[in-house]
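Student: Hey, can you walk me through this structure? I'm new to it and would like to start with the salt bridges.
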Amino acid sequence: QEEVDTSQDLDGLVVQHYGRQLEVQALSVPDHHPEKPQVAEGEPEPFWKPIEIGSVWRCHTRTNLELLVTGDKVKWQADPNTGLGIITAIHPRTSLLTRPDRYHKVKPVAANVSLIVIVFAVLPDPAPTLIDRYLVACADADIPALLVLNKIDLLKENDPIMDMVQEYRDLGYEVLLTQSNGEMDEFRQRLD
């Protein structure tokens, strides 16, 4: 077995997925930062990317790792000379959202999700069956759901959509009413 040096491992979060490559946001920095190469006068400036908290790095994964998805917390190593990194390990997941692929196998979509927000509007008329499919996915993954009805300024008196909203509330789902040009503090607080 190959001996892997983990002394340079950093903590990171997968924020984008591009097939074989992923983008990882740095959540930690090394104890000893690599030093930028010194350049003699008249020589071209070499590429150098500093390792900073919050910086995003294009990474490959080690071949022995399972399929990674957005939201995975990982251990990774950065190469400031190229601006690239390699993911060396994955932390245990707290949740995993999945869906079937075209071959009827389960495919992971996102990991470590703490809340799924399902936004629908007064117009066009929402599709309750689609909302229900999202709610089933949330229940299957044991991820809480928040329903948000937007564009409430377009509501008509005795609008039947409010009956649908009340049905979801009666089933125990949390529902917020918002409008883009109105007060959004309750929605922001809930996301925080």
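Student: How far apart are Arg 188 and Asp 185 in helix H3?
Tutor: They are three residues apart in helix H3, so about one helical turn separates them. Helices here are DSSP runs of H or I with at least four residues, strands are E runs of at least two, and both are numbered from the N terminus. Arg 188 forms a salt bridge with Asp 185, with 3.9 Å between the closest N and O atoms. A salt bridge means a side-chain nitrogen of Lys or Arg within 4 Å of a carboxyl oxygen of Asp or Glu.

Student: Is this an experimental or a predicted model?
Tutor: This is a predicted model, where local features need pLDDT of at least 70, side-chain atom pairs count only at pLDDT 80 or more, and totals for chains, interfaces and linings use all residues. Residues are numbered from 1 along each chain as its sequence is written, and side-chain values use heavy atoms, leaving out hydrogens and water.

Student: Ok, how many salt bridges does the structure hold?
Tutor: Seven. Some share partners, joining Glu 66, Asp 72 and Arg 93 into one network. Another pairs the side chains of Arg 190 and Glu 174, at 2.9 Å from N to O.

Student: Which parts does the pair Arg 190 and Glu 174 tie together?
Tutor: Arg 190 lies in helix H3 (residues 185-191) and Glu 174 in strand S10 (residues 174-177), so the pair links parts that are 16 residues apart in sequence.

Student: And Lys 36 with Glu 45, what's the N to O distance there?
Tutor: Their side chains meet in a salt bridge at 3.2 Å. Lys 36 is partly exposed, with 41% relative accessible area, while Glu 45 counts as exposed at 55%. The cut-offs: buried is under 20% relative accessible area, exposed is over 50%, and partly exposed is in between (1.4 Å probe, protein chains only).

Student: New topic: which residues touch the most other members in the largest nonpolar core?
Tutor: That core has 20 residues, and Ile 116, Ile 118, Phe 120, Ile 131, Leu 135, Leu 147 and Tyr 168 touch the most other members. A nonpolar core is a set of buried Ala, Val, Leu, Ile, Met, Phe, Trp, Tyr and Cys residues joined through side-chain atoms within 4.5 Å.

Student: Which helices and strands each supply at least two residues of this core?
Tutor: Strand S8 (116-121), helix H1 (128-141), strand S9 (145-150) and helix H2 (161-170).

Student: What about another core, which residues are in that?
Tutor: Apart from the largest one lies a core of 13 residues, including Cys 59, Leu 65, Leu 68 and Trp 76.
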